[in-house]
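I opened the notebook to look up how the parts of this protein meet. After that I checked a few single spots.

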Amino acid sequence: MAFPPQLKIAATYMRGGTSKGVFFKLDDLPAAAQTPGPARDKLLLRVIGSPDPYAKHTDGMGGATSSTSKTVILSRSSRPDHDVDYLFGQVSIDKPFIDWSGNCGNLTAAVGSFAISNGLVDSSRIPDNGTCVVRIWQANIQKTIVAHVPITNGEVQETGDFELDGVTFPAAEVQVEFMDPAADDDGDGGSMFPTGNVVDEFEVPGLGKLQATFINAGIPTIFVNAADIGYTGTELQGAINENADALLMFENLRAHGAVKMGLIASVDEAAARQHTPKIAFVAPPADYVSSSGKAISAGDIDVLVRAMSMGKLHHAMMGTAAVAIATAAAVPGTLVNLAAGGGDRNQVVFGHPSGTLRVGAEAKQVNGEWTVTKAIMSRSARVLMEGWVRVPQD
């Protein structure tokens with residue numbers, strides 16, 4: 001029996017922040033995959049190696065974690081004052097499913113670099129030396145992001161001495177600005193605080209009544225106090241990811257929170273929306289030892305945060321969740337702000353399983369409603385491999 005040859009598709013494997021994924025130019029994809037739909041999803045699932053009941057991604061480019069099971073599609077932007085359109089797909093590991101409902105803040109750091117190196121940014125905008133400002137339209141969430149990419153001799157500078165906890169080796173620093181990151185009034189889930197409150201009390205079966213901050217900034221996120229769910233905020237991945245009951249508890253909490261945020265109509269819909277919302281728990285500063293063995297002092301951080309991604313505790317912090325953390329910390333009275341000591345603040349250093357991260361946000365009240373103009377963080381990015389990815393055909 002004869003079988004067709006594999007497809008050969010131009011692709012780049014990149015790290016961005018603490019994530020990595022397979023990057024494509026839109027017009028390099030097969031014609032059927034250049035538009036949203038089953039053909040695109042089927043192709044990208046096969047690229048990553050999903051669904052994989054062994055949860056290893058042995059037969060694909062994925063890394064069998066939420067941080068490494070990612071795809072990106074880029075094209076020149078048709079929108080005024082933007083250089084590139086950026087579409088992100090979070091690929092499920094063990095299910096035939098791609099979640100297009102949110103952004104990946106970490107991979108955002110690699111978007112500008114890819115766009116410059118692949119001719120998606122006009123050459124007139126690229127200096128010989130200095131910084132290229134890449135204006136990104138994030139198509140999943142309909143938001144503008146600005147990446148400041150270092151340039152040396154007309155090419156992207158990837159090597160450097162910027163260190164990012166959760167990434168083993170140093171690289172060049174890329175500053176990323178998430179402009180107006182809160183949801184629009186007619187956006188998915190409503191305004192920045194979809195319930196109209198900075199803190200809500202809501203009931204979750206099996207857990208009882210909890211306090212929570214529901215926020216749409218960077219990505220829809222539910223913050224709860226670590227102590228209210230039996231944790232300290234210093235946990236590493238094993239404490240949660242190796243506990244099946246804990247994982248079920250977090251998914252139950254996430255599903256009921258998603259209903260409270262107006263993202264889904266019933267908890268039954270949560271399974272089809274794995275990427276959003278995120279669930280995170282916070283606590284005041286405390287000493288702990290990171291996953292790399294590095295001692296983190298309570299005096300070096302403002303707040304502890306742990307976050308779940310695709311049903312598992314993240315090894316560091318999702319970039320979009322970091323935007324939510326920065327924004328919530330800037331608004332007095334949120335659980336993040338209170339855990340950080342309360343008061344007015346425009347930046348925060350938070351502790352995560354791999355170390356620490358500094359993020360900033362500019363928030364203000366307009367007619368009694370909180371808004372955020374931008375959130376800022378630094379990341380790094382580099383090309384790991386480029387060429388072609390091979391995909392078997394049916």
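**Entry 1: the domain contact.** I looked up the contact first. 22 residues of domain 1 are in contact with 25 residues of domain 2. I am working from a predicted model. I then checked the bounds: domain 1 covers 7-181 + 381-391, and domain 2 covers 200-371. Taken over C-alpha atoms, the two domain centres are 25 Å apart.

**Entry 2: buried area.** The size of an interface is often given as the accessible area lost when the parts come together. I looked that value up here. Domain 1 and domain 2 bury about 1,600 Å² between them. Carbon and sulfur atoms account for 54% of that area.

**Entry 3: pairs across the interface.** How many salt bridges does the rule find across the interface of domain 1 and domain 2? I noted one. I also looked up the salt bridge of Lys294 with Asp165, where the closest N and O atoms are 3.5 Å apart.

Next I asked which elements supply the domain 1 side. Strand S4 (84-91) and helix H2 (105-117) each give at least two residues to the side that touches domain 2. S4 gives the most, with three residues. By residue type, that side of domain 1 divides into eight nonpolar, 11 polar and three charged.

**Entry 4: helix H5.** Is helix H5 mostly covered or mostly open? I found H5 (residues 319-329) mostly covered, with 11 of its 11 residues buried. Among them are Gly319, Thr320, Val323, Ile325 and Thr327. Ala321, Ala322, Ala324, Ala326, Ala328 and Ala329 are also on the buried list of H5.

**Entry 5: Thr68.** I found Thr68 in the loop between helix H1 (38-48) and strand S3 (70-76). Buried or exposed? Thr68 counts as buried because its relative accessible area is 12%, and the cut-off for buried is under 20%. Leaving out residues up to four places away in sequence, Thr68 touches Lys20, Met61, Gly62 and Gly63.

**Entry 6: Gln142.** I found Gln142 in the loop between strand S6 (130-138) and strand S7 (143-152). Its relative accessible area is 45%, so I put Gln142 down as partly exposed. A polar atom of the Gln142 side chain lies 2.9 Å from the backbone oxygen of Ala139. I also checked Gln142 against Asp85, 57 residues apart along the chain. Their C-alpha atoms are separated by 9.8 Å.

How values were computed:
Residues are numbered from 1 along each chain as its sequence is written. This is a predicted model: local features need pLDDT of at least 70, side-chain atom pairs count only at pLDDT 80 or more; totals for chains, interfaces and linings use all residues. Side-chain values use heavy atoms; hydrogens and water are left out. Domain bounds come from an automatic or database domain assignment. Contact means heavy atoms within 4.5 Å. Buried area is the accessible area (1.4 Å probe) that two parts lose on being put together, summed over both. A salt bridge is a side-chain nitrogen of Lys or Arg within 4 Å of a carboxyl oxygen of Asp or Glu. Helices (H or I, at least four residues) and strands (E, at least two) are DSSP runs, numbered from the N terminus. Ala, Val, Leu, Ile, Met, Phe, Trp, Tyr, Cys and Pro count as nonpolar, Asp, Glu, Lys and Arg as charged, and the others, Gly among them, as polar. Buried means under 20% relative accessible area, exposed over 50%, partly exposed in between (1.4 Å probe, protein chains only). A polar contact is a pair of N or O atoms within 3.5 Å; within protein, one must be able to donate a hydrogen and the other to accept it, and residues adjacent in sequence count only if both atoms are side-chain atoms.
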